[in-house]
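Student: I would like to learn how to read a structure of this kind, one feature at a time. Could we go through it together?

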Amino acid sequence: MESFDKFKIWVLFICLISELGHGFYLPGSYPHKYGVGDFLNVKVNSLTSIDTELPYSYYSLPFCKPDEGVKDSAENLGELLMGDRIENSPYRFKMYTNETEVFLCQTKPLSGEEFKLLKERIDEMYQVNLILDNLPAIRYTLKENYFLRWTGYPVGIKVQDAYYVFNHLKFTVLVHKFEETNVARVMGTGDGSEVISTAGNSGSDTPGYMVVGFEVVPCSFQHTPDSLKNLKMYNKLPSAIKCDPRTVSMAIKENEPVAFSYEVNFVESDIKWPSRWDAYLKMEGAKVHWFSILNSLMVITFLAGIVLVIFLRTVRRDLARYDELDKEAQAQMNEELSGWKLVVGDVFRAPSNPGLLCAMVGDGVQILGMGVVTIMFAALGFMSPASRGTLITGMLFFYMILGVAAGYASVRLWRTIFCGDHKGWVSVAWKAACFFPGIAFTILTILNFLLWGSHSTGAIPFSLFVVLILLWFCISVPLTLIGGYLGAKAPHIEYPVRTNQIPREIPPQKYPSWLLVLGAGTLPFGTLFIELFFIMSSLWMGRVYYVFGFLLIVMILLVVVCAEVSLVLTYMHLCVEDWKWWWKSFFASGSVAIYIFMYSINYLIFDLKSLSGPVSATLYLGYSFFMVLAIMFATGTVGFLSSFWFVHYLFSSVKLD
């Protein structure tokens with residue numbers, strides 16, 4: 001009977017796993033079938049510009065509003081932090097139904113303030129971002145016999161002293177015939193879709209289509225006042241509209257209205273639904289990415305050769321000599337020793353500000369773990385751009401969960417420095433929980449005040465501020481304290497040699513040791529500066545970055561280079577009898593952040609020449625400083641841990657009292 005009950009439990013478990021397997025799907029990965037004549041609703045996102053980096057609400061400009069009123073779409077935490085504000089729009093189509101000369105609305109006469117705001121947005125090159133079935137509108141422009149791809153379209157254009165608005169849109173919707181009628185159907189629209197399995201049903205024989213492309217051509221067309229009389233939204237205009245993007249005619253003037261219209265054409269395409277994002281994610285410059293990786297491999301090989309020389313020729317040789325000598329010979333030899341052998345009684349002496357070092361190493365473990373896990377999931381396709389904000393949301397989630405690792409690493413290092421003493425571990429855990437997040441929160445708060453003052457949608461709402469604080473103190477901090485408790489219970493790492501009571505005097509150096517430490521950051525920077533250009537272009541030029549496979553490889557190479565650089569620098573300092581290696585090993589690899597920040601300033605001056613206004617520049621520098629601070633913590637932690645392992649291994653082999 002008991003075995004039968006166990007059998008039933010196993011059957012139930014297998015059935016449950018099976019159902020979970022059928023119900024599991026990646027966000028945005030299921031097609032939505034539309035029947036002929038079904039309504040397709042276009043959504044609008046924030047207005048964006050690479051000239052200001054300040055997003056604004058679509059309805060901050062005098063555009064047409066839907067009859068049912070403006071409604072926000074469901075947003076996740078990542079979307080809000082990125083400044084996305086997705087709302088409904090009056091643009092709507094019927095599946096596989098071509099329409100032309102569709103009247104949308106005529107605005108009220110433009111007030112002086114609206115007229116001025118429109119001119120500012122046109123001068124600042126703001127783009128309108130439309131979304132259909134989770135696909136951003138894409139625009140193609142011909143330049144020098146090849147097509148350039150852009151997402152969105154400009155609000156308007158300035159020609160001489162006149163300002164023209166793009167008030168007529170020519171849409172092209174690419175559709176692909178729905179081929180499988182028995183797969184799971186998707187109920188609902190947008191990101192909040194629900195999957196309902198139809199396995200076992202015969203399915204519908206009604207032909208359906210999936211949206212696989214969404215293109216837009218903006219035009220500036222002057223409507224005659226007589227053609228707009230007695231027209232309501234979605235009525236057909238009496239006269240034909242010739243949409244020519246090369247000419248403009250709808251000049252905006254104060255106290256005059258603006259009429260908006262559109263047309264839509266459905267085209268059956270060979271593009272299949274799983275490939276519909278290829279147009280957005282088409283990788284540019286694959287050879288450049290491979291060149292970056294080969295360049296990094298050359299740096300790694302060079303440093304690995306130095307490390308092998310240190311281990312095989314220098315360290316091994318010295319240790320072999322110790323093994324061959326008897327005690328009397330060793331005692332006699334001590335008088336003639338030089339280099340790293342002389343600091344055996346000081347090499348594990350506690351560094352200055354040990355609590356700060358432990359907190360920074362703990363935070364570095366947390367940031368590095370978050371980066372590796374996030375990039376791995378993104379490289380596997382779990383954080384598709386079809387689900388906006390997933391990347392930022394995932395980073396926050398992994399960062400909070402890895403608070404356990406931060407607390408554990410910081411407290412265990414604290415106990416190791418003080419030879420197993422438990423005293424003060426709670427304070428160290430609190431520092432790890434609050435040090436980097438506190439700096440990040442301060443930077444983001446200052447920048448957020450600038451965004452609030454500019455009335456930008458990039459500003460974090462006060463309610464979201466409260467949510468972030470609750471996530472910090474209710475999830476991240478407790479997890480860090482739990483990790484600290486585990487670190488306090490774990491055995492500390494025992495030093496292989498005793499530390500003298502009186503510190504040894506460090507002999508005068510021919511050159512400042514910190515100069516060598518700061519210069520060491522050039523090698524890790526050399527492994528990533530090419531990939532850094534693509535990342536910066538994605539962040540500040542509005543391009544989609546999705547080569548996470550390359551980024552994962554570059555990140556692994558960066559970790560290896562940081563470890564090798566710090567190890568070599570630590571050995572060099574010990575050879576000149578400088579036993580204060582703790583902080584120097586951290587900043588030897590962490591100094592790469594200085595060069596990344598310098599590169600960011602260079603990018604601002606030469607690649608973002610059109611970035612206008614002190615607010616935009618301040619935001620750019622603030623976000624760049626936040627980014628390089630996180631990189632410094634992560635790379636510095638890699639360097640410190642590798643150096644700690646090297647020093648422990650080196651002196652554990654020394655047989656001197």
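**Reading confidence first**

Tutor: Let us begin with confidence, given as pLDDT (the predictor's confidence in each residue, from 0 to 100). Over residues 1-28 the pLDDT stays under 50, and for this stretch the model has 12 contacts (heavy atoms within 4.5 Å) beyond four places in sequence. This is a predicted model, in which local features need pLDDT of at least 70 and side-chain atom pairs count only at pLDDT 80 or more, while totals for chains, interfaces and linings use all residues. Residues are numbered from 1 along each chain as its sequence is written, and side-chain values use heavy atoms, with hydrogens and water left out.

Student: In which helix is confidence lowest, and in which is it highest?

Tutor: Helices (H or I, at least four residues) and strands (E, at least two) are DSSP runs, numbered from the N terminus. Confidence is lowest in helix α1 (residues 2-23), at a mean of 37, and highest in helix α9 (residues 403-417), at 96. Residues 331-336 also keep a pLDDT under 50, and for them the model has four contacts beyond four places in sequence. The protein chain as a whole averages 83, with 84% of the residues scoring at least 70.

Student: How many helices and strands does the protein chain have, and what share of its residues count as buried?

Tutor: The protein chain has 17 helices and 17 strands. For burial, the general idea is relative accessible area: buried means under 20%, exposed over 50%, and partly exposed in between (1.4 Å probe, protein chains only). Of the 657 residues of the protein chain, 48% count as buried. Among contacts between residues at least 6 apart in sequence, 82% join residues at least 24 apart.

Student: Is Cys 358 buried or exposed, and is Cys 419 buried or exposed?

Tutor: Cys 358 has a relative accessible area of 0%, so this residue is buried. Cys 419, by contrast, counts as exposed because its relative accessibility is 52%.

Student: Which cysteines are joined by disulfides?

Tutor: A disulfide is a pair of cysteine sulfur atoms within 2.5 Å, and a search of the whole structure finds two. One of them joins Cys 64 to Cys 105, with an S to S distance of 1.8 Å. The torsion about this S-S bond is about -85°, so the disulfide is left-handed. The pair links distant parts of the chain, since Cys 64 lies in the loop between β2 (39-44) and α2 (77-82) and Cys 105 in strand β4 (residues 99-106), 41 residues apart. Both Cys 64 and Cys 105 are buried.

Student: What is the handedness of the disulfide of Cys 219 and Cys 243?

Tutor: The disulfide of Cys 219 and Cys 243 is right-handed, because the torsion about the S-S bond is about 70°. This pair too links distant parts of the chain, with Cys 219 in strand β16 (residues 208-219) and Cys 243 in the loop between β16 and β17 (259-268), 24 residues apart. The S to S distance between Cys 219 and Cys 243 is 1.7 Å, and both residues are buried.

Student: How many aromatic pairs does a search of the whole structure find?

Tutor: Rings of Phe, Tyr and Trp (its six-membered ring) pair if their centres lie within 6.5 Å; planes under 30 degrees apart count as stacked, over 60 as edge-to-face and the rest as tilted. The search finds 49 aromatic pairs. Phe 377 and Phe 382 form an edge-to-face pair, 5.6 Å centre to centre and with 70° between the planes. The rings of Trp 583 and Phe 586 have their centres 6.3 Å apart and their planes at 70°, so this pair is edge-to-face. Trp 583 and Phe 586 both lie in helix α15 (residues 582-590), three residues apart, about one turn of the helix, and both are buried.

Student: Which residues does Thr 637 touch?

Tutor: Not counting residues up to four places away in sequence, Thr 637 touches Met 360, Val 361, Gly 364, Val 365 and Phe 586. Thr 637 is found in helix α17 (residues 614-652), and its relative accessible area of 1% is why this residue is buried.
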